[in-house]
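Student: I'd like a close look at one part of this fold, with its surroundings worked in. Pick a stretch and take me through it.

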Amino acid sequence: MEIEAEVEQSKFKRICVFCGSSQGKKTSYQDAAIQLGKELLLKKSIFECSLRSRNPKWVSRNIDLVYGGGSIGLMGLVSQAVHNGGRHVIGVIPKTLMPRELTGVTVGEVKAVADMHQRKAEMAKHSDAFIALPGGYGTLEELLEVIAWAQLGIHDKPVGLLNVDGYYNSLLSFIDKAVEEGFVSPSARHIFVSAPTAEELVKKLEEYVPSHQGVASKSSWETEQLHYSEEYDISN
């Protein structure tokens with residue numbers, strides 16, 4: 001008798017990754033970017049054994065990537081890993097940054113936009129979840145903005161922090177301090193999740209259920225209120 005395998009699909013079609021256009025000083029940051037790319041592609045078997053069944057079970061993610069469009073630094077590494085695995089890559093980059101962040105051969109689809117504001121809105125619009133790898137000011141600004149959007153109720157998409165070698169420990173301590181001092185509500189502290197490895201983080205994002213109370217409901221955020229045109233709508 002042939003045993004039929006179960007296939008567990010990811011609930012995400014596309015994940016947006018924020019990360020640096022530099023590689024960082026530690027090879028662990030570079031390794032984490034490559035591993036994250038591979039984790040989005042993951043297909044592995046889990047053999048479940050019980051008294052009632054001995055059916056093999058496959059976990060198949062096949063998640064596409066949305067990212068900042070650069071071909072250098074951690075951006076280049078994660079995009080190349082996903083592209084090499086056969087998944088679609090969407091890079092969103094302001095025209096003014098193209099000479100600086102695009103070098104050599106680009107991968108996937110490149111969307112040129114007018115400015116940083118449109119870049120973030122476009123990345124968010126095409127994504128089902130967000131992950132931040134180590135990065136600098138730009139990565140932090142992108143991460144904190146999608147967290148703030150979730151707090152306001154603009155979206156309810158999962159947000160994850162890949163805390164490679166404790167890179168974001170100081171940020172996590174700052175946020176805990178903000179909760180302690182009454183500037184961030186305890187429920188809002190759980191808007192995002194964090195983990196030291198890509199495998200753990202993606203698993204947490206798959207299991208994430210919003211528990212915070214948004215300032216306003218998602219449906220109440222009209223594009224006119226945000227001064228966005230329809231193309232800037234991030235709630236899809």
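Tutor: Let's take strand 6, which is covered on both faces: Val-89, Gly-91 and Ile-93 are buried on one side, and Ile-90, Val-92 and Pro-94 on the other. Buried here means under 20% relative accessible area, with over 50% called exposed and anything in between partly exposed (1.4 Å probe, protein chains only). Strands and helices are DSSP runs numbered from the N terminus, with at least two residues (E) for a strand and at least four (H or I) for a helix. The model is predicted, so local features need pLDDT of at least 70 and side-chain atom pairs pLDDT 80 or more, while totals for chains, interfaces and linings use all residues. Numbering starts from 1 along each chain as its sequence is written, and side-chain values use heavy atoms, leaving out hydrogens and water.

Strand 6 spans residues 89-94, and six of its six residues are buried. For context, buried residues make up 44% of the 236 in the chain, which has seven helices and ten strands.

Now the partners. Two strands pair if DSSP finds at least two bridges between them. Strand 5 (residues 64-67) runs parallel to strand 6 and is joined to it by three bridges; within that pairing, Leu-65 has Val-89 as its bridge partner. To get from strand 5 to strand 6, the chain passes through helix 2 (residues 73-84), making a right-handed β-α-β crossover. Right-handed means that, with the strands pointing away from you, the path from the first strand over the helix to the second runs clockwise. Strand 7 (residues 109-113) also pairs with strand 6 in the parallel sense, over five bridges, and here Gly-91 is bridged to Val-110.

The connecting helix deserves a look too. Helix 2 has twelve residues that should span 16 Å at 1.5 Å a residue, and its end C-alpha atoms sit 17 Å apart, which agrees; the expected span is 1.5 Å times one less than the number of residues. Its buried residues are Gly-73, Leu-74, Met-75, Gly-76, Val-78, Ser-79, Ala-81 and Val-82. After helix 2 comes Gly-86, with a positive phi near 90°.

Back on strand 5, you'll find Asp-64. At 13% relative accessibility, Asp-64 counts as buried. Leaving out residues up to four places away in sequence, Asp-64 touches Lys-13, Arg-14, Ile-15, Arg-87 and His-88, where contact means heavy atoms within 4.5 Å.
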